[in-house]
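Reader: Could you take me closely through how the helices and strands pack against one another here, with the cut-offs behind each term?

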Amino acid sequence: MSNHSYLDLVNRADNFHLPHSTEAHNASETLLPFRLSTSATLPIGLLRPSVVLELQKDNEWRRSNGLLEIWDIHTAYISFVPSLNTPAARTRAMKDTTTRWRDSGIFADVIGISKWRSEWYDVCQTPFGPMRIGGGDPESDESEEGKEENYAFSMERSACALFGLVTYGVHMSVYEEDDNGIRMWVPRRAKTKPTWPGYLDNSVAGGIPGGSSPYESIVKESMEEASLPADLVQRYIKAAGCISYFYQTDKGWLQPEVEYVYDMCIPKGEIDLRPMDGEVESFELISNLWAGEQLLPLDDVIARMRAGKFKPNCAIGNDLANGNATTLTAVAITPTRTVLTMIAGSMEFNMTFLSPIEPNDFVRQSIPFSYIYVEATSRDGHSHSVQVYSDITAEWLSGVRDDVAQWSTQVGTDNVYHAFSLQSQSQFVETNQQAEWGTVYYGTTQHYSATYKTNAAATCRTQFKTNGRLDDGEDTNFRAINNAFPVFAFSQDLGTIQSTAEPVVWIIGYSRDPAIRYIDLSGAAQDRSLYFQSTYPNIDGVSRAQINEFLLDFSDAQQRAETLDARILSAATAISSDYGDLVSIAARQAYGATELTIAKGSDGNYNKSDVMMFMKNVGGITPQRVNPVEVLYQAFPIFMYIDPTLGAPLLEPLLRFQNSSSYVNPYAAQDVARDIAFYPTETANMIIMATAHARATGNASLVNRYYPLFKKWADFLNSSTLYPSSEISADLETSSNQTNLAIKGIIAIQAMSQLSSGLGQSSDAEHYSSIASEYANRWQSMALNTGGQPYMLLSYGDTSSFTFGYNLFADRWLKTNIVNSTVYNAQTNLIKANLGQTQFGLPIDSSKTLSGDVVSSWNLFQAAIATDSSVRNSLISMVRARASFNSTVGAFPTVYDPNSGAINFGVASPAQGSMFALLALNATVFSISNGSQSSGSSSNSSSRIAAGVIAGSVVGGIALLTALVLGVLYCLRRRRRGAREHDRVSIDGSSFVDVAPVVTPFEMAETGFGNPSGHSGVPEHRGSMGYDTLIGPSYMHELDLASAFVPPSANLSSPHAPTALAYAASTSALSESLSTGSSSSASASGTAARKRGEALGLHAVGPLSPTGKTERVFSYTREDSSTSRDGLVRASEDELRNQVEDLRREMERIRMERAEVELPPRYAA
């Protein structure tokens, strides 16, 4: 049998994609989605035409026999009929159909007598959500109580392929390791197996039966297949991650699969693996030998894999021939940084993504660059030779992959950088949320003997793997992005070291000039540049001097980031540890959707008094909207806490166009492009935000400039807010006289009184204060339930309703004090009474008590008004639980289901700036006046603390830069024993092995890191064995499990965006664009142009415990001493693992106490 390439091996197992490729079996077949119910929007399977036909016949047979139909058949999908609304009912129906097919000889090649397994497999509503553990007979209605909500039904194992349903399995590699290398136990499958008879297999492998956890299954299979006792397995097993792939048989049947992967290194000679249950014919120990300093290029395991002797899905794993695997052990997140800690052999690496947030510095804040830096430390006390490689692809440039790119490399004394752009650019146009104009810069210093190269990905990466350096070559064949995907690479030689004396630093940015075109209501267009252009003008947008200065500023930028992180986290964790996590996740998500701009005056020079900041509606129902008022209002607390000076430029675009005589509406607009509005809501929002800005800066000059406009809005509220009839709230509530809507307007009127007073408009101040006071009294008399326990009604007089009243937050924030303590206490009691009914937060009001959407922003506003700290902290913890819930695609959303976590909208939305609501309450404020005053931020602490960073698990809602390779795979060339210990370490992302973060026996991580090495169009991008490329399930995206390494062709907000970064995730923040509106158009590749963009879009699914339940517990690093150099206080590796272990063991004890399975031991250091 001829040798297969590594890509061939991957494609054998992962051979099905949507839409069908021409190589797919029956590519012309029309596949019909199989849904759980008519109300479901996502498929759980795919049906071939032959199965659809049999389902139609099944309905006909049932009708003719007087039986109820069980299939709801539509032209676009098929589902169960609505009456089959329980797992048990669906299980019985599926069993009845498939058994009858079996007995009739239908689909005999799949479910014939010889193929039938008589084994239940569970089907989940969301393939990567929690599993059913235990639960009894799946056909019994009596066992319904307590079943996992994600559980849909059970069915015969062999029949799953007929419906294209996701199945689950476990694989474990058992090996011995000593100074001579690795020897792996490899079984040969019995010739009687119905699938892949006689093939080689993983050491232990099997399906996960219904009601079992992955861990239970691997322990059971270890004994049954390999005679490995449970106590030995529990002693040595390590979770190694989770992979997903979509396999299509040679007969066209669809088998999407999820495999939970384990490793087990057993001491040499402790036990021999022996077959037990007849499924394995024999075992043999296959060697992987070292020869001096060189690992043999093809050991027996790899040779046999490449010869096609293994079952296909066994080849989706570690490439032993490429050296020691790199393991991600921790992820730490602060407001400005994401730090990945990785171990490779004897070295530990910290890879940090720093997106500076620069308070009170418009120049630095507007620079569209981020830092990436790596530090290394020896773990064994010996020196090792380390080389580092990184590259990015031209996919940054456009959402159209056949656009032609051009590039150049600039080499200076101090730095070297690549610059690339489209040959034909279209200003102010975006495609698939990527800007179609601008230049990408990727640079580094000349430290560490930097070398560079531009060429196809495979060429650059192979050259580094071969030589440990690049040849400074430049490819001048400008071509389409997807034509031999050009990459822009660097390598650095760190030398033979025990630790890095200073970090290896790269900068990456996307600059567009002009960045935005602003069009007012008169039709006049104004091109605007990013603010830094006023200091660093350059015809191409960025100069070599600026790149050099940005690189030279790294150490200071790092220190400023550490200081800011310390200030934020010190204040946040004083409220609660969970709150520290929330602000860490939210900060860059909010900043990443903005751009700070400046325009030129009539003299052709930049006018520093003409500053506007634009925010894109990232994740919104209409993402093209610019400065959407309801989103800006939710995000405003972060800006008022971190940098209140940004308040004026954020409001300026809205105020300027509405100040035109052409704008005749009495209420505020919804955004800079529309004159329709949620009338009282947006109007009140504008006044509240202006007041918050004036209080935080002491400067009301913005309001003074637009005072007539604000006065018009206050008068509109005077006439409409107390009885808001037929107005739509920001939550799309349409009922009349909504109490929550009314109180916001009343608060805004009182806020207008504050503004008027600060500006010396005393008569206006008295007028608005009098109105607000009167309205507040009348509101309270109508808004509260008067029978028994008081609380806010949803609408006046509707005693059967209630609302949690998140709009009260503005009264607390602005200290308007028009709502008395009775109301706050009543609302706190109402919230407390409803805690425990939902998992991820409270819905808005009684009309959505259990099934309505949760808005994370409103939950944090409610936490801010709670008078009981335990109630406050419960709300915070619920929202944090959703932030860390990784069973949905996309970054931390704002609007989602309270129990399932299913996303409605708001993925990666800047509205998460609302997480800073509690900090904004306590921020320093000033007396309002018509003049400038220094920022009112609290004094910054220079202490470097790590309270509040999330460490140990990957959390949905964080992100790393896309399209970047920062390899971290070692090639250790060990000298013979007794020789001097100098190992060569090459950091190479093209062979990065993706393993679960903080690997413990309790963690089954389904990490959504996307493709750690590039676009599917460049097969060589993938890790040699494909394991790294397949982590990150994407079944719910076009039902294509394989798309974990096939990024959508033009969407950087996808979790599988073009990436060549080990453990990289997508970042909407680096791809979102501001678009065109009727009164203002703006395009701002909202993050590809922004250095803070890193925060917007990690899709991480998992981690799961061995029970299959999604863990919502994270380990923390919280200390008061031993601060590390970068400001993150970390426990030692052992302490960190022990903390994680303790949490997971406790969860496991609770979940498995009925299973009578001995818990695995603590993870050994």
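Author: Helices α2 and α3 are roughly perpendicular to each other (65 to 115 degrees counts as such; under 35 is roughly parallel, over 145 roughly antiparallel and the rest oblique), because the axes of α2 (residues 49-64) and α3 (residues 87-104) cross at roughly 105 degrees and come within 12 Å. This is a predicted model, in which local features need pLDDT of at least 70 and side-chain atom pairs count only at pLDDT 80 or more, while totals for chains, interfaces and linings use all residues. Residues are numbered from 1 along each chain as its sequence is written, and side-chain values use heavy atoms, with hydrogens and water left out. Axes are lines fitted to C-alpha atoms, for helices over the stretch in contact, and angles run from 0 to 180 degrees between N-to-C directions; helices (H or I, at least four residues) and strands (E, at least two) are DSSP runs numbered from the N terminus.

In the contact (heavy atoms within 4.5 Å), α2 contributes V51, E54, L55, D58, W61 and R62, and these meet A93, D96, T97, R100 and W101 of α3. By class, the contact of α2 with α3 has 5 nonpolar, 5 charged and 1 polar residues.

Elsewhere, an open sheet of 4 strands has the order β28-β29-β30-β31 with antiparallel pairing, where pairing requires at least two DSSP bridges between two strands. Its edge strands, β28 (516-519) and β31 (606-615), each pair on one side only. Strand β30 (residues 594-600) is joined to β31 by 7 bridges, and E595 has F614 of β31 as its bridge partner. Helix α14 (residues 647-658) packs on this sheet, touching β28, β29 (525-530), β30 and β31, and its direction makes about 95 degrees with that of β31.

Note on methods. Nonpolar A, V, L, I, M, F, W, Y, C, P; charged D, E, K, R; others polar.
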